[in-house]
Amino acid sequence: MSDHEHRHDGHDHRSHDHAVDQPDPETWFEPSGWEERYSSEEKVWSGNPNPQLVAEASRLTPGTALDVGCGEGGDVIWLAQQGWRVTGADFSAKGLARAARHAAEAGVEDRTDWWQVDARTFDPAGRTFDLVTTHFLHPPGGTMVEVTRRLARAVAPGGHLLVVGHAPSEAFAHSSLQHRAMFLAEDLLPALPDDFEPVVVEQRTRTMTREGVTREVDDSTLLARRADSPA
Ligand SMILES: C[S@@+](CC[C@H](N)C(=O)[O-])C[C@H]1O[C@@H](n2cnc3c(N)ncnc32)[C@H](O)[C@@H]1O
């Protein structure tokens, strides 16, 4: 989806990609579409961490983290550099391979590992993390609520869930399919289990430059904390 066009530091460093101009609804949301995007020689993303991750994770004590839809690993690497032990998850094998290579280049391979999962069917299989984060995943047709419900199951007691994506916007919609994949932070509240308390539920405006055009975009930002285990 147009998730593909945001960029972390407000600048779009994505390599030019014909799929952006003419998204194929059959493959856009599927691993094959992402494998193709990650087959180019160039980096698709800047490698800089996403601003809402930096804003929120900087306030937390480093522990274990899971980044779902980690792409080329910019957020994973930044978290590892802050002292977290991080699992990067994505359904694209090529994306994960690139992320692992970038983590090695950044000297954080001993703090990172990789997990090939589809967020739409994600099952944490008993693993839990102090922080579960996802940025610009945008599964189709409103399924981000279900994905959020699944991700919440991977949050350890006392841990945090951070979900960030595009608020519905013409800036990112190349098709109605993509438009329907965007969400507001409050859309995700029904996905939170009873022992989660919302901490941030808002659209945060940031300035982004893409292909020479600077505009304001809204990052839908949900941060929720899971209660500690009862003593
Ligand atoms: C727009 S990119 C964002 C990458 C990274 N989070 C960032 O902000 O730079 C979306 C990423 O999510 C992955 N992805 C999309 N749908 C997915 C799904 N259902 N399960 C797992 N990964 C998915 C894609 O392979 C891609 O790497």
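1. A salt bridge here means a side-chain nitrogen of Lys or Arg within 4 Å of a carboxyl oxygen of Asp or Glu. Glu 56, Arg 59, Glu 202 and Arg 204 are linked in a network of such bridges, and the structure holds 13 salt bridges.

2. Before going on, some housekeeping. This is a predicted model, where local features need pLDDT of at least 70 and side-chain atom pairs count only at pLDDT 80 or more, while totals for chains, interfaces and linings use all residues. Residues are numbered from 1 along each chain as its sequence is written, and side-chain values use heavy atoms, with hydrogens and water left out.

3. Look at Glu 72 and Arg 98 next: their closest N and O atoms are 2.6 Å apart in a salt bridge. Glu 72 sits in the loop between S1 and H4 and Arg 98 in helix H5, so the pair ties together parts that are 26 residues apart in sequence. Both are buried (under 20% relative accessible area; exposed is over 50%, partly exposed in between, with a 1.4 Å probe and protein chains only).

4. Asp 113 and Arg 127 also meet in a salt bridge, at 3.9 Å from N to O. Asp 113 belongs to strand S3, and Arg 127 to the loop between S3 and S4, 14 residues apart. Asp 113 is partly exposed at 35% relative accessibility, and Arg 127 is partly exposed at 33%.

5. One further pair is Asp 228 with Arg 225, whose side chains form a salt bridge at 3.1 Å, N to O. Arg 225 has a relative accessible area of 27%, so Arg 225 counts as partly exposed.

How values were computed
Helices (H or I, at least four residues) and strands (E, at least two) are DSSP runs, numbered from the N terminus.
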